[in-house]
Amino acid sequence: MERPLTQHIHPDGTTRTLREYVTTGGYHCLQRLAGLPPKDVQRLVTDAGLRGRGGGGFLTGAKWSFVPMGADAAKPKYIVANGDEMEPGTFKDRVLIEGDPHGLIEGMILAGYAIEAEIGYIFLRGEYHLSARRLTEAIAEAYAAGYLGTPLPGTGFRFDLHLHASAGRYICGEETALINALEGKRAVPRAKPPFPQTVGLWGKPTVVQNVETLYNIPHIVNHGSDWYRRLSRTQDGGTKIYGISGRVTNPGWWELPLGTTAREVLERYAGGVADGVRFRGLLPGGISTAFMTEEHLDLPLDFSSIPPEVGRLGTATMIVLDDHTCPVGFVLNLEKFFTRESCGWCTPCREGLPWVARILMSFEEGRATSDDLSLLKMHTKWLAPGHTFCGLAPGAMAPLQSALKYFHDDFERHITTGGCPWSKKSAQQRVLV
Amino acid sequence: MATIIVDNKSYIVDEQQNLLAACLGHGLNVPYFCWHPAMGSVGACRQCAVKQFKDDRDQSGRLVMSCMTPATNGTRISIDDPEAKAFRASVIEWLMVNHPHDCPVCDEGGECHLQDMTVMTGHVYRRYRYPKRTHRNQTLGPFIRHEMNRCIQCYRCVRYYRDYAGGRDLNVFGSHDAVYFGREQDGTLENEFSGNLVEVCPTGVFTDKTFFHHYTRKWDLQAAQSICPHCSLGCNTTAGERSGLLRRITNRFNSQVNGYFLCDRGRFGYEYVNSPHRIKQALVKQERHLSQLGTMDGVPQPLEFAAERLREARGIVGIGSPRASLESNAALRSLVGPQHFYQGIDDQERQLLSTILNVFRAGPVPSASIHDAEQSDAVFVLGTDLLNEAPRLALALLQSIRQQPMDRVDELKIPRWDEAAVRNAVQNRRGPLFLAGYQRTWFHEYATDTYFAAPDDIARLGFAVAGTIAQESSSVPDLNSQAKELAQRIAQALTHAQRPLIIAGTGSGSQAMIEAAANVAWALHQQGKQPRLSFVLPEANSAGLALLGGGSLNDAFDAISQGKADTVIVLENDLYRRADPVKVDAFLDGAHTVIVIDSLEHRTTAQADVLLPAATGPESDGTFVNQEGRAQRFYQVFVPEDDVKASWHWLSDLGRATSQEGDRGSGVGTWHNFDDAVAATATVAPELARIKEVAPSASFRLVGQKAPRQTERCSGRTSLIAHLTMHEPPPPADPHSPLGFTMEGYRGPLPSPLISQFWAPGWNSIQAVNTYQDDVGGPLRDEMPGIRLIEPVAPKAPAWFTSIPRAFQPTAQQWLLLPLSAVFGSDELSNQAPAIAERIAQPFLSLHPSDGARLGLQDDSTIDLVLQGTPYRLAVHFEPSTPVGTVGLSLVPEVAGIRVPMWVDLCEAIKIEQTRRAA
């Protein structure tokens, strides 16, 4: 099984230097770009079927195709790496950046070359201090070695790269909010259209891409699209970093062929749920994806195999819910996070999420009524794509809506017993009442 | 044009619009918050959701935000769709989660857009049962009250204040459900247009603090159209009164003039009307210089006394005023005869005004309205400090710099209403705006290029620009290379523009600057461009006064000193603001009788033998001609107390009182109502002929009825004076206008000047303006936006101005003292309003640091400067933008009457002080 992204990463957590990276074929393809015009790089990536690894799963080739090309296009154009990995339970970009920072740089150079963008920004989560340090060093190495800041051999294409550490908002993971933040504005999403490919950073054509996605590009250019497609088990090409957290025997991450099932990741790699607990469900990729339960564990985890009524893959870093954890409390925790991270721009998200969180709190405190269930359902209906300004609130509703579906009885039990059945404190309080 | 289908009915709409504006234009009620006709769409509030269907087979449809969806041909939507209605009610429910239930004590109550939208969506019952978030409010200065707990986070305030009006000190802080709109810390809002927050805010977060001090509900206001008297732009306002007190000013939409916004001087300067210094009694003072004027027993009636003096007079001098209405000036002119009528302004100002009039009369270039200025795509301002002299025009220019970058927006096929996308595409690109002047303000940060120089040098730059456009090399001798290059850049920008605009003004007192501006415009015209010209004038009716004609104040002084006359009538004019006090003293002392008609006490009224109390704007009818040459009517809002009467009315009474029996055939004595005044005024000059058409005459009726000034729900009419009488007195008669001082009258569509307040069923806030427009944001239905009295007829420019001044040379001893206008402080009337008075800065002298060093002064020190024998205590400000060899003097009340520009020996003026101090 091939693991192109992570095979060279040191197990001891140290980073790979430029020398090591070059030894294993890194930056190699930059030498032969003279014979590979940007359009050809685009075609390679399109044919490879590379999809955005940030959770959206949008075809990278399609995304690039909207960028105005040629002499008439606005200049400069920008390529931005979205490293604002604030999705709870998700740590795949961190693994890659810390272990192999040059992979990101090479990916960005190639992506920049493909869309003729001469300037790149890495927008990095503020808390990723180690990543920031390793990237800073790697960028300096790449400049010194002439991969950055000097024209690539035979092309006249020169790429400059800047690192920007975020001030820290979940919404910066949304590409247009990220662009606003990069411009020094409030991290509020922008209305689309126009899309960043035409009006992006400082009004210029811009492509924002997830870190993991960019890591794939050098391998596609080196080995070709057919090789890349063959890496996966399904029609979506490539490998994916899968991760698991929660009460499992062996939490962690693994680079596996795209289309590996959740059951395989959970049982074969994570060693199943921990002793004494029972599996109830999992969030497949971050907290803005819907719960999957036992019945969905054999679905291939990729961007096309999960039916929309079940959910979507997201970042593929799973969080497992077990029977020792209250599903209502679990969702409350998520909704508190979303409430806090709402940017405050549009009404349904800004006002709806705190209301949802308070209702869930009242379930936990034993003050919920059946009216509250219908209020929760109302919010899952209204906080839908298109109703809100961006995807944050619909994302927040995905775990809630699926929890109401799969764990409805647990919600009811909170109402009938007047508190949280999982909470000892709540049980004591009930006695006192 | 496009056809859209709304709830299965077809509507013809402008495809350049979004669906929300298109629906509102057809009177379809779609609730909204964050969208504003002047500020476009951003899609934040989600209130305007409607259901959109792909085609007539699509039954399910999807919710879209109408403000963010273009009104393309064939668009099929439903407003009444149950899901859309339920969603809109939910948006209100969310907004109400934290909104306090304080409507009964909220100043916005009764004209609150949030109230209206809540009713419109049908949200009634509260289901949220948790605590509300609370905020601490801020003290934002004398104009605005802040109550953040009412905020519904529509973001209009910051979008207006920062993006539209260029303000810096209001911002949005925090995030999620705790976003906070305010300043970094308590303090006065600095922007000159902050008052519009009151109208921009859809609820009671930002309310009018001056109104709060004498609050009444909107429905209890008696209101009518007013024209702002505080500068020459003539912004339209709605003045509201109750119980004899003028309560507030709100913006009055006029598509050609002020649109949706006013400046703070215009909005908060109104309280001069309620001033304790108002003159309310007609008085005769038999002995001059008594400290108190009084009507003791045995004192003759003022009118008869005045008439007797006028009959006995050996020549009368009538002094008009640029702050009095056209009709009042014309009345005085008629009473004293044209040859004895003087404009009441100094020689220099009269000369400048007459030059400006001639530029428009003889030249081919039309004047620019504020609306034109907004649409300009390249602007060159010579010498005038717009932010302080004509603030609303500066606000218009802040929009004009967005015109040129719109090319890129159009290229990207972004609809212009899509404000968020437009701003993202435009970023910091700005169209050409060149500011030449001698006082730096924050407005200069928006300029492409700035040029700080003495007036003569600014004029030279102007002449050089004109020469460059006309391709005449070396038109200005000895021009330095910096100015030469700048002139080339300006010329290039202006010639590349579609709608270039040249602005100058009278503020600096420079004739050459006006001539240079005219040359630039004429040169552009000669190149086949369509330029416009705009001149900022000193006062509200300066242009009207200039059209009436008449000598200067000095000519009037001469008439008395040469014994040609012995009696003076001063109309609404404090001569001490306009001439050397010694001369004014001599003039008034030299006259046998001085009759003064004015509304507020000042140094000239103190010298009156007969004092007649004049009505202020909101107490009278009249016509002002603004700097564009647009004649506009203001209507009386309420009946003043005591003897107060419109000036023209006093003059017509005087005319009757002085005329001999059987000699009533002509003149002001035959004026009985305002229509007579207008008709007579219209005959004074050919250009005034059309002032009759400015607004409906007094005889105008609809269905036989007058238009009411009071609202349908005005309360307490029968009980307000119940402690005095149980009878309800008849409403005061109004023979002067088609308006009534009542609740009764015609309730229906009216010509725009007769609208008392914007109000429509379901639309109680100022947002009701939408319902008066066919195209939202466009002209009012039946709009009478005033009449431009001078349109160019000349096919080409007359002989160009050729008196190019020599370059300004600083001298060793003398400094050129230049006037620095102040938005708060330089206007006689608004200075009397307490809120404005609070904002007036201490008088200061602005010097180039090198000049300061030469004089041995310290920055921020205080000096006493002796000018014309009077010492003035002034702060010293070192300001690198002040041209070397000049000093700027802030025109605030303490220094009113100093004639600037003038040359001053600063060494001497300050040395005197130092000697005195030493002694």
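In this predicted model, A224(B) stands opposite A239(B) of strand β11(B). Six bridges join β10(B) to β11(B), the latter covering residues 236-242 of chain B. The two strands run antiparallel.

This pairing belongs to an open sheet of three strands in chain B, with the order β10-β11-β12 and antiparallel pairing. At the edges lie β10(B) and β12(B), each of which pairs on one side only. On average, neighbouring strands of the sheet are turned by 30° against each other, direction ignored. In general, strands of a sheet pair through backbone hydrogen bonds, either parallel or antiparallel.

| Edge strand | Residues |
|---|---|
| β10 of chain B | 222-227 |
| β12 of chain B | 245-251 |

The helix packing involves α16(B), residues 455-469, and α18(B), residues 511-526. Their axes are 8 Å apart and the packing angle is about 15°. Angles under 35 degrees count as roughly parallel, so α16(B) is roughly parallel to α18(B). The crossing in which α16(B) passes α18(B) is left-handed.

From α16(B), the contact is made by P455(B), D456(B), I458(B), A459(B), G462(B), F463(B), V465(B), A466(B) and I469(B). From α18(B), the contributing residues are A512(B), M513(B), A516(B), A517(B), N519(B), V520(B), A523(B) and L524(B). Sorted by class, the contact between α16(B) and α18(B) has 14 nonpolar residues, two polar and one charged.

Notes:
Residues are numbered from 1 along each chain as its sequence is written. Chains are lettered from A and ligands numbered from 1 in the order in which they are written. This is a predicted model: local features need pLDDT of at least 70, side-chain atom pairs count only at pLDDT 80 or more; totals for chains, interfaces and linings use all residues. Axes are lines fitted to C-alpha atoms, for helices over the stretch in contact, and angles run from 0 to 180 degrees between N-to-C directions. Helices (H or I, at least four residues) and strands (E, at least two) are DSSP runs, numbered from the N terminus. Angles under 35 degrees count as roughly parallel, over 145 as roughly antiparallel, 65 to 115 as roughly perpendicular and the rest as oblique. A crossing is left-handed if the near helix is turned anticlockwise from the far one by less than a right angle, and right-handed if clockwise. Two residues are in contact if their C-beta atoms, placed from the backbone, lie within 7 Å. Ala, Val, Leu, Ile, Met, Phe, Trp, Tyr, Cys and Pro count as nonpolar, Asp, Glu, Lys and Arg as charged, and the others, Gly among them, as polar. Two strands pair if DSSP finds at least two bridges between them.
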